[in-house]
Amino acid sequence: MKKPLTMPEEAQPRNITRADLVLAEGFGLEVDGRMKTVFPTLAAAQKRARDLKAEFPMLQIKGRLEE
């Protein structure tokens, strides 16, 4: 038997971290025009970019430096 759908009385807070809002320093990866990940070093950002491009060649990946 299916359970009836119930709506919560109060909305639960969402814990969303957006890299483009919290990026204060370091290196970020922009994937298809959206900031996705922040890395402390350039080497780490480049390695992840190469790995993503190898797995998903259709992605547009750009690096961003924030100081």
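1. L29 stands opposite T37 in strand 2; strands here are DSSP runs of E, at least two residues, and helices runs of H or I, at least four, numbered from the N terminus. The model is predicted, so local features need pLDDT of at least 70 and side-chain atom pairs pLDDT 80 or more, while totals for chains, interfaces and linings use all residues. Numbering starts from 1 along each chain as its sequence is written, and side-chain values use heavy atoms, with hydrogens and water left out.

2. Strand 1 (residues 26–31) pairs with strand 2 (residues 34–39) in the antiparallel sense, over five bridges; pairing requires at least two bridges found by DSSP. The two strands form a hairpin with two residues between them. In the turn, D32 has a positive phi of about 50°.

3. The largest nonpolar core has seven residues: L29, V31, F39, A45, A49, L52 and L59. Such a core is a set of buried Ala, Val, Leu, Ile, Met, Phe, Trp, Tyr and Cys residues joined through side-chain atoms within 4.5 Å. Strand 1 and helix 2 (42–55) each supply at least two of its residues, and helix 2 gives the most, with three.

4. Beyond four places in sequence, L29 touches residues including M35, T37, F39, A45, A49, L52 and I61. Contact here means heavy atoms within 4.5 Å.

5. E30 is also worth checking. E30 lies in strand 1 and counts as buried because its relative accessibility is 17%; the cut-offs are under 20% for buried, over 50% for exposed and partly exposed in between, with a 1.4 Å probe and protein chains only. Leaving aside neighbours within four places in sequence, E30 is in contact with M35, Q60, I61, K62 and R64.
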